[in-house]
Structures are given as structure tokens and as C-alpha cells.
Amino acid sequence: MLEIKNLYAEIEGKSILKGLNLTLEKGKVHAIMGPNGSGKSTLSKAIVGHYEVKVTDGDIIYKGNSILEMEADERALEGIFMSFQNPIEVPGVNNAYFLRTALNAKREHEGKTQLNAAEFLKLMRVQLEQLGMKKDMIQRSLNDGFSGGEKKRNEILQMEILQPSVIILDEIDSGLDIDALKAVAEGINRIKSPERTFLVITHYSRILDYIKPDYIHILQDGQIVKTGGPELVEALEAEGYKIVGKES
Amino acid sequence: MKTLSKGTLVDLLKSYRTETRQTDALEHFDTLGLPGNKTEQYRHFSIKPILAKSYTIANIPNVTPQSGEYIEIVDGVVVRVPDSITLTIETAPQFDDSHFDALYYAGHAASETCIAITVTNDVKIKIHHRITQSEALLTYRIALNVEKNVHAQVYETFENSSQAEGSLVLYGYDINVNAYATLQWIRNQSIEDKHNVLLGSHQITVADNAAMKLRTYDFGAGSALHLYKIDLQEHADLQSTHLVYATSHAARGNVLHISHRGRYSKSVQEAKYIINDHATGIFDGLIKIEHDAKFSSTRQNSKAMLLSAHGGARMYAKPQLEIYTDELEASHGSSTGQLDEKQIFYLRSRGISIIEAKKMLILAFAHELMEYVEDEIIIQEIETAFDVAHNSASKEK
């Protein structure tokens, strides 16, 4: 589904990813764990085409083609989605209007007819209910004044509406209480499918109790240094990142 | 009668001097002097070449207005009036003797007549200005008197005929909002490139317990400057909001001198400017709390967004407070910024194109000031004018 080959990337001249290789399989949940500053967020930003990240070498192949020359919106239209660690507040932009614009851009890209306001609201109502979100949230400004939990639920709402193929969850569990965490995890599990790939970036194993990963990758100093199954989480919980040093 | 067929504004005033017309207005004009590039309120407007230019001096024909749905003024002549509106043409209109703007007096001196509108009952009035002449100097004044206890709305629109270019329109209002009356004045002004320069010099008095809502929407690639002297009496309430979207090489702006003269008078002023391409935005707002205006309150804020990626856009913001009493509430602020890169990226990361993302953010910035208008039809017209200005601006990435 998505293959990262020998990727080197920097932010403001500082080298962060240093020859990273990673293959994300279709229908699988990949979790990336790693200490602070190892490059987890830079990796997700590189995949979605964030303006801060400069790729200096290597490639990212998606559906058989390099995406490095594609703009962020083009990558999104092709089905790459990142849930932000800190979703951006956009005062004055109505949440529903924003989401309908995004959905219709995707539908147009896929050659489908656009949804009018009534059709879209009908779709939204169902999703809001499933996520336990208040109905008035769609009429508020995008993320403006939202609590941490509301912002994360709003990210999942966008994910459910846009139905992407590759979903990057960048510390989706940060700042969530247990109820919010469950609601977010349920949303994620709802759209799991054999056609969809997840990349879960996290510091803690808690979210992985709810979203069962197929693979765990440990990222350290800009490279994937270890890959394993869910058992790797238990080892990390018990001993921390020194397990990497022990084996290498 | 005007005898001059072509000349500058000063030439026209000189010809009137020999006719001993409007000598009081001319004296005030002489005292303040012809505005130049160093005159504070015109410093960033490049007034000198505009006033140095020789124009065709338009003769104001005698026209009997027809009945219509709104007031239509073509090149300074009223051609249409609703039957319900009391409109007269006066030959010696009153003017304020302490206005800060020389062109206020030039406009009075150069206008042979004044369009006088008296509002005696609650009403919504539309005034449509149409400019059809090219390279012409068009001067006219409008006196608007809203009588006691009356609640009125004036919606002002502008139209330039496609062939009309290079004219200078020097117009303005003298407005009295009498005690316990309210006036909402909404101006929707779109001027495209190569059209005419418009200078509006206004005087407004808001009497005891009266309220004035001034909502202005200035969009496009042509240049215009509005200068207001506003006096607030006891318990008078002013809400003044200004949305400007200037494109191409336009200079667009508002200069306001607001004087709190009476106790418990209140003013709220909000200005938002969107400046694109090589345009210039001007916001010069002076709020004066006079000695007798105890317990008054004022709030002033201007925000500007510069859109030009190559630094061609300019904003000159000058919010000022002059306070001559101790007991009051006052605040003011000003900020100039650009579109937020993080917000643009967030929208783009959901598949929204950069052009659409920028438009969403620009609209979000502007929308608050559009929402003040309650009339749905007027909002739609303002939004359409905003879209036209936005679509005509360059789409730099």
C-alpha cells in the first residue's frame, strides 16, 4: 500500500530521518513507537507533505507511484489522511462547511456527484451520533474553542466522512480521558477494513489496547531499528527502549 | 452656473470665487489649504496627482426625478426617487464649520446644489450612485436628516458605466441623527480598476440618545477614500465597522475623527482590511473623548491581512485615542498579519485546494463584519461584491 524507501528528511536544516525504510501493508495496523525526538512526527509529516519537512533523499511510494512531488491536498485526495496531534483551530470557518467542502473535493476527484447541504447533514448526523458528539459542534468554527477530546473526536469524524485509504494517527491518544479514548478507538475500529491501512504513532501502549496492531515498529534516531508483533509492546512496557540496545 | 468647461478642482473653485458663491466654505478651504502628499489624512493616498489633474467640469442639468423604487443619482443628479421619500434640491446647504478635511469644504463650495433628504418615518432607503462620465469632475453633496424617534436604514450602492473612466467623484453626506432616532448606513462600494477615484467627505452628528450604525464594505481594484467627522452627544451610540478588500494597485481607506462630546456616549469601531497585490489600505481613526464626555466608553480595533506573497501590499493603520476626561472606558488596538500557514496546511491536508483554502480563511476573517447586516438581500449583494473582488485579485501561491 505504502512504501518508504531510504528516506532522509530535515526540518529547518536539522536532519531527522536518516535512511528510514518502512512498508505499510494493506489492511494492517502498524504502530510506531519511539523515544522523544526519534522522528515519529516528522515521518508522518513527510508522508502527508507538510511544508516544514524537506525530503533530501529516498522516496515514498503509494499505489505504485512516488508522492514526493504531490501537494498536500493532492495526497489527501488520493486517500492519505493524518489525524493531527494538535488539530489546528480555524476561527470563522464553519465545521460543517469545511467538511462538506473537503468531502465534495474528494467526490469530485473520484468522479462522483457532489452532496448538497441537506444530503451532507443527513450523513453527518449519523456520524455525530456514533462518535457521541454534540450536534451543535458541526455549526461551530472548526476546532475553535474545542476541548482536547472534542478536537480528537472531530479528527475521527473527518476520517469517517472522508473514508481515506491510509490513516496516520499521530498521538491520537494524547490528552484524552478514558471515555474519549474509547469513543475515538471505536471510531477507528469502525472503519478498519482489508482495504485500509493504519499507522498509529504513539508514546504509550494504552491506545494499542483498543486498536490491536499487526506490527510494531520502533523508531530511533531517524531509522526503524526493530519490527515485531504485538508482543513487542509488552517488552517495551517492561523494559523501555533499552530493549533495542540489548539486541543490537 | 458653472462657466468653466475644463480644469482642476482648484480652477473650479477659483471660478466660483469670482462669482462670490459659497464664500464661507471657500474661506474654510483656504484656511486648511489644498491637500498634498504631506497632509496627514491623505499621506498614503497619492492625492497630489488626482487634484492636479484637469477634468471636464460636469454641468448639473435640471432634471425632474421620476418615481422609482430607490433613489438613483447619475453623475450627481437625482433621476429617480420613491414617492414615499421627501427629497428636495437645496441651493445653500448648511455645513459644519470645524471639519478637519479641506475637501469637505471644497465639495461644499464646488457643489451648486445639495440633495436634501428628510426622513420623517421608519423607512429603508436605497441610494444608488451611477457614474457615466469619463475624465469628469463630479461634485455633489447629500444632506440627510433623520427626525426625532425615527428609525431608518440607508443602503448605498455604486455603479460605474463601463465607458466611464478617469473621473474624480467628490461627494459626501451631512447627516443629522436627531434625538432618540437610529440610522443604519450601509455602504456597498465596489470600484474596479481604471474606473473613477472616489473621495467621500462626511459629517455626522448623533444627537442625545440617538444611535448610528455605520457599516461600510469597500471592495475592488479602484481607489477611494472616505473621511468622516462624527460628533456624539449625550448617550449617543456609534457602531462603526469597515471591511475593505483592496486589490491590484488600489488605495482604499477610511479616515475617521470621532468626538465624544456628551456624557455616556459610546463608540465601537472595528475595521478589517484585506490587502492583495500591490494595493494600499488606510485606516486612520482618531477618537477624542472631550472634557464633558464623562462616563463615555470607546473601543477601537483594526486588523489587516496582507495577501501579497511578494510584499507589494501595504497597510497603514493609525488608531488613536485623545482623552480629556478621567472617567471613561477606552481600549484600542491594531494588528497586521498574513494568512496562517498552519491553517492553510490543515485545510489542504483534507483535500481542499490551496486556492479554496485561502478563500475560506479570507472569508472567515471578513465574515464577522458581514454578519452585522441583518437584511439577507443586502448580505447577498455584499458577498457577491466580495467574491468579484476576490476573484479579480491575483491568485499567488
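Biologist: In which hand does α5(B) cross α6(B)?

Modeller: A crossing is left-handed if the near helix is turned anticlockwise from the far one by less than a right angle, and right-handed if clockwise; in this predicted model, α5(B) passes α6(B) in a right-handed crossing. Helices (H or I, at least four residues) and strands (E, at least two) are DSSP runs, numbered from the N terminus.

Biologist: At what angle do helix α5 and α6(B) pack?

Modeller: Axes are lines fitted to C-alpha atoms, for helices over the stretch in contact, and angles run from 0 to 180 degrees between N-to-C directions. Helix α5 (residues 341–348) of chain B packs with α6(B) at about 125°, the axes lying 9 Å apart. That makes α5(B) oblique to α6(B), where under 35 degrees is roughly parallel, over 145 roughly antiparallel, 65 to 115 roughly perpendicular and the rest oblique.

Biologist: Which residues of α5(B) make the contact?

Modeller: Contact means heavy atoms within 4.5 Å, and α5(B) contributes Q343(B), I344(B), L347(B) and R348(B).

Biologist: On which strands does helix α6 of chain B pack?

Modeller: Strands of a sheet pair through backbone hydrogen bonds, either parallel or antiparallel. Two strands pair if DSSP finds at least two bridges between them; 10 bridges join β14 (residues 211–220) of chain B to β16 (residues 237–246) of chain B, and these strands run parallel. Helix α6 (residues 354–370) of chain B touches β14, β16, β18 (266–275) and β20 (296–306) of chain B.

Modeller: Local features need pLDDT of at least 70, side-chain atom pairs count only at pLDDT 80 or more, and totals for chains, interfaces and linings use all residues, while side-chain values use heavy atoms, leaving out hydrogens and water. Residues are numbered from 1 along each chain as its sequence is written, with chains lettered from A and ligands numbered from 1 in the order in which they are written.
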